[in-house]
Every structure is written in structure tokens, then in C-alpha cells.
Amino acid sequence: MKIFCGRANPTTGSMEWLEEGEDYDYHQEIARSRYADMLHDKDRNVKYYQGIRAAVSRVKERGEKAIVLDIGTGTGLLSMMAASAGADFCYAIEVFKPMANAAVKIVEKNGFSDKIKVINKHSTEVTVGPDGDMQCRANILVTELFDTELIGEGALPTYEHAHKYLVQEGCEAVPHRATVYVQLVESRRMWSWKKLFPIHVEAEDGEKFLVAPSEMENCPGLPSVCDIQLNQMPASDFSTLSDVVTMFSVDFSKPVQSASTYYRVQLEAVKSGKAQIVLSWWDIDMDPSGMINCTMAPYWVNPTSALQWRDHWMQCVYFLPREEPVVQGERLCLTACRDQYSVWYSLHRA
Ligand code: SAH
């Protein structure tokens, strides 16, 4: 049997598939993955634990047994948190076989084998019923299926399926909701990652500027997100043209629809300039009250709160298809389109 493994091509940056033999050592994949960074993200871990404890308590207060579905259990961490919080039983689903095998060992070593069943399947393959993987539908849904863009790891179709087939109506979800925020900016530095500016060269016969043909310069290219550490971006490198606004949010405790859609918000230009970039990030509320919030907001949004360093979740830079001059006070309309896995933006005058 041969196995395909994803690898980033260091020259082009694109993902490519390499064929590996049967005896391929998967430990390399785990080492290369972002599991370690995620597991060291204390802010994330503490808030998940608070959210899970609160969800288990709410279910118990209703006099129900707490049955947890943990989709994408990885090391089993969130299921073990749920078991420690008093959950009666956890179904821990993990599609990646070497990780599922590790989870079985970790769960056993920590003494949770009687409370946690690790299932090595994609969640959409999981069956429910007396002879199924799960005896009954769960009433607590715990997941951590998010990437920097929130939906790029397939959270939406996974939730859509889980609500249809794996959890009870009115279940508790940890996180309870996610919200995506945007801010319009002008930034020559960020725009230069997408645009071909004239290139300065020193030739024998003097200095020259190489200019790309206008078709090339005006080509918007494929809309795609660029993940960066906005906390490393000096304030002098961009100028904010709008306030931070909420673009869309997803309530994970209700049925989720993954089909392509769009969201539209009204913005007011707070400054005149060239609208080039949409900066975006998200936060997750671990409980319905919104008291347990884990945010990716950059430094200028919450200047007083301590920032958690993390590489597994950063912030997003989206390039508008073309730059739009905007005037202070002007009303604008920003549209976010999304399919099941990605988001892209366009700007219009209101
Ligand atoms: N819950 C762990 C790991 C999160 S990483 C933690 O919080 O520390 C996400 C994991 O989900 C990965 O191991 C990935 O293989 C798995 N995964 C993603 N989508 C899945 C799905 N639909 N079904 C089963 N596993 C999934």
C-alpha cells in the first residue's frame, strides 16, 4: 500500500502530494504539524477547560447525563478535560490514524479509558445506535477544528453533519459561537505582497525602473488569504480606514449550514485613503454568556490585554480585487463571500 503525504514546496509555497511507502514513519508528520504549538497555547487550553466545565454543569443541572462528542480529538485533550469535569461518557473522534493511536495511549495512561472511547474515523463516517460507534446522540459537542481563517479546516461541513446525525437538538457546544471581525486598511507594504510595483534596477547605462504590463498590474489574481502575525506589523506600516466591524458569526449549538453564502456590512471611512486590504481575525465564545472569550484580535484592538503568542492561529490579510480611493465620512459596503472552506472580500460604495 502507498500513502500520499502533503508537503509544502519550499520554492513555490504550494502544497504537493508525495507518495510514501507502507513503512513511512508518521512521527515526522506529527512533529511537523501544529499540534505542539496548539498544546502550548495556554490561553486556548484554559478557556476550553472553563467552557467545558460550564457546559457539563448546565447539562447536569437539567438532570441529564453528560454525553460528549469531541470531533478531532488529537491527543484526546478536550475529552480528558470533559471527563475531569464530570462528563459521563465521551466519544473522541480522530480521523488521522497515528494521532488516534496516540490518543488511545494517552487516554489510558491518564486513567480515562472507561470514560473515553477513541474512534479512528472521520466524523461523517461515525454511526449512532445500539451497534454503532456511539450508543446514542451526544448532548455536548466539543471541537477545535479552526484555522486562522476559521473555516479552512472544514469546520462548517463537519458541524452541519454533526447536528444532523450525531448530537441532540438543543445540545451544548464548546465553543458556543465564533465571530469574524474585519477592518479596512491601506498599506503599501501589504499591498506590495500582491501587486507588482516598478522594480528599481541599476544598469550599466544608469538607473532604470522595470514596469509590468498594465494587464498584469490590474489582474486581481485568485482571491486567497494570507496568514500573518499582525502583532509583528508596526503601526507605521498601515493606516486604518474603518473601525473594526463584525462580519459574521456562527452559533455552533444550532444546526450549521455550510453551503456557499455571503455577508454584507456597512462601513464608514474614518479617514481618506486607498482601500486595499481587509484585515480579519476571529474570536470564540466558549459559553453562551460570552464571558469566556478567546480572541485573535491584534494589539491595537485590545491594547491593555496581554497577548498570547501562537503560530497555529494568526490573523488574515485579504487583498481587495483592486484598490478603491475612499473619502473620510463616505459610506461603504463590504461583502464577504464564502464557500465551505474559504472567504474572500469585495468593496462597493453604499
Ligand atoms: N482537539 C485537539 C486537537 C485539535 S486539532 C486539541 O484541541 O488539542 C484538530 C484535529 O481534528 C486533527 O487531529 C484532525 O486530524 C482532526 N479532524 C479534523 N476534522 C475531523 C473530522 N471531521 N473528523 C475527525 N477528525 C477530524
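Which strand does Gln266 lie in?

1. Gln266 lies in strand S14, which covers residues 261–268. The model is a predicted one. Gln266 is partly exposed, and its relative accessible area is 47%. That value falls in the class between buried, under 20%, and exposed, over 50%.

2. Contacts of Gln266. Leaving out residues up to four places away in sequence, Gln266 touches Arg331, Leu332 and Ala350.

3. Domains. The chain is divided into domain 1, residues 3–176, and domain 2, residues 179–349. The C-alpha centres of domain 1 and domain 2 lie 30 Å apart. Across the boundary, 33 residues of domain 1 are in contact with 36 residues of domain 2.

4. Helices H3 and H4. The axes of H3 (residues 42–61) and H4 (residues 77–84) come within 9 Å and cross at roughly 45°. H3 and H4 are therefore oblique to each other, since an angle under 35 degrees would count as roughly parallel and one of 65 to 115 as roughly perpendicular. The crossing in which H3 passes H4 is right-handed.

5. The contact between these helices. H3 contributes Arg44, Asn45, Tyr48, Tyr49, Ile52 and Val56, and H4 contributes Leu77, Leu78, Met81, Ala82 and Ser84. By class, the residues of this contact comprise eight nonpolar, two polar and one charged.

6. Burial of H4. Six of the eight residues of H4 are buried, so the helix is mostly covered. The buried residues are Leu78, Ser79, Met80, Met81, Ala82 and Ala83. What covers them includes H3 and helix H5 (97–109), together with strands S3 (67–71), S4 (89–93), S5 (116–119) and S6 (138–143).

7. Either side of H4. The loop between S3 and H4 holds Thr73. After H4 comes Gly86, with a positive phi near 105°.

8. Is Thr73 buried or exposed? Thr73 has a relative accessible area of 6% and is therefore buried, the limit being under 20%. Its contacts, leaving aside neighbours within four places in sequence, are Ser79, Ala92, Ile93, Glu94 and Ala103. Of these, Ser79 is one of the buried residues of H4.

Key. Residues numbered from 1 in each chain as written. Predicted model: local features only at pLDDT ≥ 70, side-chain atom pairs only at ≥ 80, totals over all residues. Heavy atoms only, no water. Axes fitted to C-alpha atoms, helices over the stretch in contact; angles between N-to-C directions. Helix = DSSP H or I, 4+ residues; strand = E, 2+ residues; numbered from the N terminus. Parallel < 35°, antiparallel > 145°, perpendicular 65-115°, else oblique. Left-handed = near helix turned anticlockwise from the far one by under 90°. Contact = heavy atoms within 4.5 Å. Nonpolar A, V, L, I, M, F, W, Y, C, P; charged D, E, K, R; others polar. Buried < 20%, exposed > 50% of the residue type's maximum accessible area, 1.4 Å probe, protein only. Domains from an automatic or database assignment.
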